[in-house]
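Please look through the structure shown below before reading on. The report that follows takes up a few parts of it in turn.

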Amino acid sequence: MRTSIATVSLSGSLTEKLTAASRAGFDGVEIFENDLLASPLTPEEIRARCADLGLTVDLYQPMRDIEAVPADEFARNLRRARHKFELMRRLGADTVLVCSSVHPLAVDDDALAAYHLRQLAEVAQEFGIRVAYEALAWGRHVSTYDHAWRIVEAADHPALGTCLDSFHILSRGSDPKGIEDIPGEKIFFLQLADAPLLAMDVLQWSRHYRCFPGQGGFDVSGLVRHVLRTGYDGPLSLEVFNDVFRQAEAGPTAVDAHRSLLVLQETVGVAAPPAPVVPTGVAFAELVTPDAEPVSAVLGALGFARTARHRSKPVDLWQQGEARILVNTSGAARRDGTGLAAIGLESPDPTGAARRAEALLAPVLPRRRAPEDAPLDAVAAPDGTELFFCATQQELPNWRADFTDVEHQPLAAGVQGIDHLALTQPWHHFDEATLFHRSVLGLRAQESVDVADPYGLMRSRAVTNADGSVRIALSVGAAPTDDTVHAQHIALATDDVVTAARRFRGAGGRLLPIPANYYDDLAARYEFPDGELETYRELGILYDRDAHGEFRHCYTVTVGRVFFELVQRDGYRGYGAQNAPVRLAAQHAGRPVR
């Protein structure tokens, strides 16, 4: 199906928005009136710019407070409409959006509303324009799609149809099944937006918190299925009012928007991109650093051994059990020190995973490699983290074959593997990251959690595969300029966190100190065997439990922008969100090691 996006959904000037929409792959745009009024280009120049970019102008919007108003007000509306229709003809737009009236003088009279809309459609027809009437969720007298359709049906004019908007329908809890009673040819336009499920005034909800399909809590795909059953053959168009999107760079936002429509089309069965290839494990986590010594010291204290070195690059492999950490010093000139740059994901079909990623607009990363190096496919996540699709156990060339073993001293086992990875997102990429990991990687998204930080709230959402062998916790920090908030972390699985913590500390490692008040509260909430709580207090171990089991964990101090977590997960399914405020406060109080 054709895809379109309202210019109000993107940031920047009108020309920047049009360019971003075109590069992201959209077929058309809705021109929002404020964008046109603020543009130095004439309507003819905007029309030509759209044509050059391969975009059609699918809708001009909005026209407000038209119907069911006093006669003198309606006469002024028709005069205004003639001016707008002439402008639309110059612009090359053939459909105008008319919102249900919120005018204080509007009356509750469907017959009058139908009469006024029919007169408006008569004028529009003179200019070759169609009128799409939409029920605003906060309309003064018309606030539901079925009510709007009854008025359109009563007006009975070929140039008058309805516009369906998923936000206005789903935010009111209306049953979208009734859409199937509307003839497809009378649905002149379909606007789509998702939103988180919030308890607030619907106008404020609409103006500030809409998001792209698949990023919120609405059943947008179910609504689209109802629309398609009518025979509707117009574009799927996004109209998203969102404070974050309006401040973020237009290009990445447009790509994320188009990805959401590609996934939506797949969900409703009108498109078939390559099937998702769900990762089955974590092959490695790669740290990039200008100085390997600090992070190597931490890895050594954690019980990792340097087991191999890349044949052609300054990359060391540190391993313990099934946990593998790559330490890369090539081209690392970042002033903020060590960072988590890449993740290797075990995949049953690396090539298929890469095809899926590319079809859903994930940037495929070119790799500089020697002829003998393994041909790994890699894409970039929204936060810039590189994701490699690996097949470590297969006989085919794999990443492990690029490394030459080095002599090392076997160490006592403590860490068994990587329990999860925590990636802090740039403030404007959180929803995009969730959609990316769900759609591109096929991971399941858990519920979003808000965590108290000393400087605000940190929002977190985990994505996992079915058996939990891949767990990625995505979060967005409360203070965008704060290094401690923006640190990434690698959680290492152990079956005895007390022994692992003692071994780490005994080897010279520094654990994050936890305030004594935390343990006083822990004693009030839970009963522990004699001496257990004192051990946790001594080592800085935190504790939580859920309906499935217990969770014990502790943290190293931060190195650059990375820290490690030792995790003992005895059936527990969460990530210790209850303890996150204490951890964040402790990190704010300390100073990261550079």
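## A covered strand

Strand 4 is covered on both of its faces, with T95, L97 and C99 buried on one side and V96 and V98 buried on the other. In a regular strand the side chains alternate between the two faces of the sheet. Counted over the whole element, five of the five residues of strand 4 are buried, and the strand is mostly covered. Here buried means under 20% relative accessible area, exposed means over 50%, and partly exposed lies in between, with a 1.4 Å probe and protein chains only. Helices (H or I, at least four residues) and strands (E, at least two) are DSSP runs, numbered from the N terminus.

This is a predicted model, in which local features need pLDDT of at least 70 and side-chain atom pairs count only at pLDDT 80 or more, while totals for chains, interfaces and linings use all residues. Residues are numbered from 1 along each chain as its sequence is written, and side-chain values use heavy atoms, with hydrogens and water left out.

## Parallel neighbours of strand 4

Strand 3 (residues 56–63) pairs with strand 4 in the parallel sense over two bridges, where pairing requires that DSSP finds at least two bridges between the strands. Within this pair, V98 in strand 4 is the bridge partner of M63. Strand 3, helix 4 and strand 4 together make a right-handed β-α-β unit; a crossover is called right-handed if, with the strands pointing away from the viewer, the path from the first strand over the helix to the second runs clockwise.

Strand 4 (residues 95–99) is also joined to strand 5 by five bridges, and these two strands run parallel. V98 stands opposite Y133 in strand 5, and C99 stands opposite E134 in strand 5. Another right-handed β-α-β unit is made by strand 4, helix 5 (residues 110–126) and strand 5.

Three bridges join strand 5 to strand 6 (residues 160–165), and the two strands run parallel. Y133, which stands opposite V98, also stands opposite T162 in strand 6. From strand 5 the chain crosses through helix 6 (residues 145–155) to strand 6, in a β-α-β crossover that is right-handed.

## Salt bridges

Side chains of opposite charge can pair when their charged atoms come close. A salt bridge is taken to be a side-chain nitrogen of Lys or Arg within 4 Å of a carboxyl oxygen of Asp or Glu, and by this rule the count comes to 30 salt bridges. In one of them, the side chains of D35 and K17 meet at 2.9 Å, N to O. This pair links distant parts of the chain, with D35 in helix 2 (residues 33–37) and K17 in helix 1 (residues 14–24), 18 residues apart. D35 is buried, with a relative accessible area of 13%, and K17 counts as buried at 6% relative accessibility.

D72 forms a salt bridge with R76, the closest N and O atoms being 4.0 Å apart. Because D72 and R76 are four residues apart in helix 4 (residues 71–91), about one helical turn separates them. D72 is partly exposed, with a relative accessible area of 47%, and R76 is partly exposed, with a relative accessible area of 47%. R400 forms a salt bridge with D405, where the closest N and O atoms are 2.7 Å apart; R400 is partly exposed at 23%, whereas D405 counts as exposed at 55% relative accessibility.

## A helix and its end

Helix 10 (residues 250–268) has 19 residues and reaches 27 Å from its first C-alpha to its last, close to the 27 Å expected at 1.5 Å a residue. That expected span is 1.5 Å times one less than the number of residues in the helix. G269 follows helix 10, and the phi of G269 is positive, near 85°.
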